[in-house]
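Here is a briefing on one protein chain. It covers a helix, a nonpolar core, an aromatic pair and the salt bridges.

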Amino acid sequence: MNLTLEVVVDNKLMMVTFYKVDALAKHHNGSSIIILGSREYHSEVPYDQMWEKLKKLNYESTIRK
């Protein structure tokens with residue numbers, strides 16, 4: 001997986017590239033919370049769109065092997 005997103009980390013807006021995601025959660029406003037290790041990254045991408053994007057990336061990575 002190779003996913004670059006604009007996220008909030010420690011109250012700072014920054015671009016982060018994710019090579020794996022441990023979990024995905026839905027923020028109370030409908031946006032996404034990406035969990036990697038013990039850190040949470042907040043993205044304005046709606047949860048449903050992020051879920052579909054992660055499923056597609058995961059599927060594409062499995063057919064390349």
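K55 and E52 sit 3 residues apart in helix α1, so about one helical turn separates them. Their side chains meet in a salt bridge, 3.1 Å from N to O. A salt bridge here is a side-chain nitrogen of Lys or Arg within 4 Å of a carboxyl oxygen of Asp or Glu. The model is predicted: local features need pLDDT of at least 70, side-chain atom pairs count only at pLDDT 80 or more, and totals for chains, interfaces and linings use all residues. Residues are numbered from 1 along each chain as its sequence is written, and side-chain values use heavy atoms, with hydrogens and water left out.

**Salt bridges**

- The count by this rule is 3 salt bridges.
- K55 is partly exposed, at a relative accessible area of 38%, and E52 is partly exposed at 45%. Buried means under 20% relative accessible area, exposed over 50%, and partly exposed in between (1.4 Å probe, protein chains only).
- D10 forms a salt bridge with R39, with the closest N and O atoms 2.9 Å apart. This pair links distant parts of the chain: D10 lies in the loop between β1 and β2, R39 in strand β5 (residues 39–46), 29 residues away.
- D10 is exposed at 60% relative accessibility, whereas R39 is partly exposed at 35%.
- D22 and K20 also meet through their side chains in a salt bridge, at 3.4 Å from N to O. D22 is partly exposed, with 44% relative accessibility.

**Helix α1**

- Helices (H or I, at least four residues) and strands (E, at least two) are DSSP runs, numbered from the N terminus.
- The 17 residues of α1 should span 24 Å at 1.5 Å a residue, and the end C-alpha atoms are 25 Å apart, which agrees. The expected span is 1.5 Å times one less than the number of residues.
- M50, L54 and L57 are the buried residues named in α1. They cover an arc of only 65 degrees around the axis, so they lie on the same side of α1. The arc is that of the directions from the helix axis to the C-beta atoms.
- D48, Q49, K56, Y59 and I63 are exposed on the other side of α1.
- The buried residues of α1 pack against β1, β3 (23–26), β4 (31–36) and β5. Contact means heavy atoms within 4.5 Å.

**Nonpolar core**

- A nonpolar core is a set of buried Ala, Val, Leu, Ile, Met, Phe, Trp, Tyr and Cys residues joined through side-chain atoms within 4.5 Å.
- The largest one has 12 residues: L3, L5, V7, V9, V16, F18, L24, I34, Y41, M50, L54 and L57.
- Two or more of these residues come from each of β1 (3–9), β2 (12–18) and α1 (47–63). β1 gives the most, with 4 residues.
- Beyond its neighbours within four places in sequence, V7 is in contact with K12, L13, M14, V16, F18, Y41, H42 and S43.

**Aromatic pair**

- Rings of Phe, Tyr and Trp (its six-membered ring) pair if their centres lie within 6.5 Å; planes under 30 degrees apart count as stacked, over 60 as edge-to-face and the rest as tilted.
- The count by this rule is 1 aromatic pair. F18 and Y41 form it edge-to-face, with 5.1 Å centre to centre and 85 degrees between the planes.
- The pair joins distant parts of the chain, with F18 in strand β2 and Y41 in strand β5, 23 residues apart.
- F18 is buried at a relative accessible area of 1%, and Y41 is buried at 11%.
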